[in-house]
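Subject: A two-chain structure for you to explore

Hi,

Here is the structure I promised to pass on. Please open it next to this email and follow along as you read.

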Amino acid sequence: MSEELLVTARDNALIDPGLHIWTWEVAMYLFLGGLTAGIMIFAALMVVRHKDEIAPFATTRLAMLAPIVLSLGMTTLFLDLEHKLFVYRFYTSFQLTSPMSWGAWILIVVYPMSILQILSTLRSGYSFLAVFVDRLTIGRLILDWCERYRKEIALTIIPFAVMLGIYTGILLSAFSARPFWNSGVLGILFLVSGMSTAAALVVLLARQRSEKDLFTWIDLVLIVAEIGLVALALISLASGSAQHLEALESVMGGSYTLSFWVLFVGIGLLIPLLLEALEISGVNKSLAMLAPVLVLIGGYALRQVVLDAGQESTWTNYQTQYNSELLQRLQRSD
Amino acid sequence: MRFVMVIDTRTCIGCGDCVVACKTENKVPEGLNRDWVVEATRGTYPDLKTEFRSERCNHCSNPTCVTLCPTGASHLWKDTNIVLVAPEKCTGCKACIAACPYDARLVMHPDGYIDKCTFCHHRVEKGLDPACVSSCPTRCMYFGSIDDPHSEVSQLLKTREHKVLNPETGNDPNVYYLI
């Protein structure tokens, strides 16, 4: 036998008995951040490819959602901070080796870009809003400028949106102390998942048949790619060292097996893949709206499962004989 | 300067005085601990081998908690390997906690910044040993610079068999255990 027992009190909140520093707030941020990246990428791609006729929603209206979704995500991220008043410290330095620092600065760049993206299609997408902007001379000039350079704006946005999508995965994969996250595939997996959820959102919100069909196709391709990346991530863990094998156990019989395979792979990938394939082949269209909803659920499930399983994977595994409830009994009630 | 701690597992009895000394010296709030004692038992009865280890932050030479900190709050003290946290730069994002393979960090309450063992740098500055080392009743703990070949810690590591915890992490930890 080999037993490592903590014999002095150690009950550090969020760390003992097992690491649980990040909960739904961070998972939600990773999900919404990826969704924002996908929204901006598709809105930009549709502009670049002149898809105004085939996909009017994605070309002219989708971009409006980017800052809204991103703000929601940043709100949940802020909720997670333990030392909230010092949040401005993200912007008093740049740490080259910290993906989180990169992320903080990427967000600062992405925000104004998404505003430019909205303005470049405001007149065609949100004419009722454009009327107000056009009343001011400066507003009219800005809209004119953004419209004239809408293709250039879109092309500039794409690399930054891709960075936003990838960074949420790199953020986790940089933690060598958490073997489950320690795979380079994670960045690309989160990017593809983010794009897939954005495509699903377009299918849900677009009204035109041609647009729904186009994005169902796009989503189908992305889901196939995502399945491949999930397989690669698992293979990478399965061919790793003892710590990686132990980490893999958490989704291969361990505590996250059910949520990983049923919620993420089953409900989030395979069922929507099947439904979308049936829809495209024209066999069954009655459940067409279910697929995008499942994709969105799956996108969140991926972040939550990866976040939880990663925190469970560790280098140190102490059992503790310390019962924190005993401390409460020692406290006098005076 | 590279500071190391050397702990003799052959004379440690697991009394936990180091833990009490740390809490007293550094006023660590109730329920939180910067150091702890592990009793590791290996073998099959009746051939059992027990080892006591007083553990804390390893003040690694490759501190992943410092490299991954987004604000520079986690930093090295002067030109040493002593890892400190500057509370006024810390957002409480907890990246450093996830980055530590030894789970040696904690969230300070009620404030919310991240806290950890400091190797009692405020004592080291005055030429004193960390509180845990100076209070050890069996004198099984040693502290000093490994850069000085004549220091007690250098001599011990030259003459005694020793190990560090999970060297496979690549963090290059600086708390040594004599075995």
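Let's start in chain B: Val37(B) has Ser54(B) as its bridge partner in strand E3 (residues 47-55) of chain B. Before going on, please note that this is a predicted model, in which local features need pLDDT of at least 70, side-chain atom pairs count only at pLDDT 80 or more, and totals for chains, interfaces and linings use all residues. Residues are numbered from 1 along each chain as its sequence is written, while chains are lettered from A and ligands numbered from 1 in the order in which they are written.

E2(B) and E3(B) pair in the antiparallel sense over 9 bridges; two strands pair if DSSP finds at least two bridges between them. Helices (H or I, at least four residues) and strands (E, at least two) are DSSP runs, numbered from the N terminus. Together E2(B) and E3(B) make a hairpin, with 2 residues between them.

What does E2(B) pair with in chain A? Strand E1 (residues 2-6) of chain A is joined to E2(B) by 5 bridges, and these strands run antiparallel. Glu3(A) has Thr41(B) as its bridge partner, and Leu5(A) has Glu39(B). As background, strands of a sheet pair through backbone hydrogen bonds, either parallel or antiparallel.

**Where the chains touch**

Looking at the whole interface, 46 residues of chain B are in contact with 41 residues of chain A. Two residues are in contact if their C-beta atoms, placed from the backbone, lie within 7 Å. On the chain B side, the elements that give two or more residues are strand E2 (36-44), helix H2 (64-68), helix H3 (95-99) and strand E6 (106-107). E2(B) supplies the largest share, 8 residues. By class, this side of chain B has 22 nonpolar, 17 polar and 7 charged residues. Here Ala, Val, Leu, Ile, Met, Phe, Trp, Tyr, Cys and Pro count as nonpolar, Asp, Glu, Lys and Arg as charged, and the others, Gly among them, as polar.

**Another sheet in chain B**

Chain B also has an open sheet of 4 strands in the order E8-E1-E10-E9, again with mixed pairing. Its edge strands are strand E8 (141-145) and strand E9 (162-163) of chain B, each pairing on one side only. E9(B) is joined to strand E10 (residues 175-178) of chain B by 2 bridges, and the two run antiparallel. His162(B) has Leu178(B) in E10(B) as its bridge partner. Helix H6 (residues 152-159) of chain B packs on this sheet, touching strand E1 (3-8), E8, E9 and E10 of chain B, and its direction makes about 110° with that of E8(B).

**Helices of chain A**

How do helix H1 (residues 24-48) and helix H3 (residues 65-80) of chain A pack? Their angle is about 160° and their axes are 8 Å apart. Axes are lines fitted to C-alpha atoms, for helices over the stretch in contact, and angles run from 0 to 180 degrees between N-to-C directions. H1(A) and H3(A) are therefore roughly antiparallel to each other; angles under 35 degrees count as roughly parallel, over 145 as roughly antiparallel, 65 to 115 as roughly perpendicular and the rest as oblique. The contact of H1(A) with H3(A) has 14 nonpolar, 4 polar and 2 charged residues.

H3(A) also packs against helix H4 (residues 99-120) of chain A, at an angle of about 155° with axes 9 Å apart. In this contact, Ala66(A), Pro67(A) and Met74(A) of H3(A) meet Leu107(A), Tyr111(A), Ser114(A), Ile115(A) and Gln117(A) of H4(A). These residues divide into 6 nonpolar, 2 polar and no charged.

**Backbone details and confidence**

A cis peptide bond joins Asp16(A) and Pro17(A), with omega about 0°. Pro17(A) is in the loop between E1 and H1 of chain A, and Leu14(A) is found in that loop too.

Chain A averages a pLDDT of 94, with 98% of the residues scoring at least 70; pLDDT is the predictor's confidence in each residue, from 0 to 100. Among the elements of chain A, helix H14 (residues 324-330) has the lowest mean pLDDT (69) and H1(A) the highest (98).

Happy exploring!
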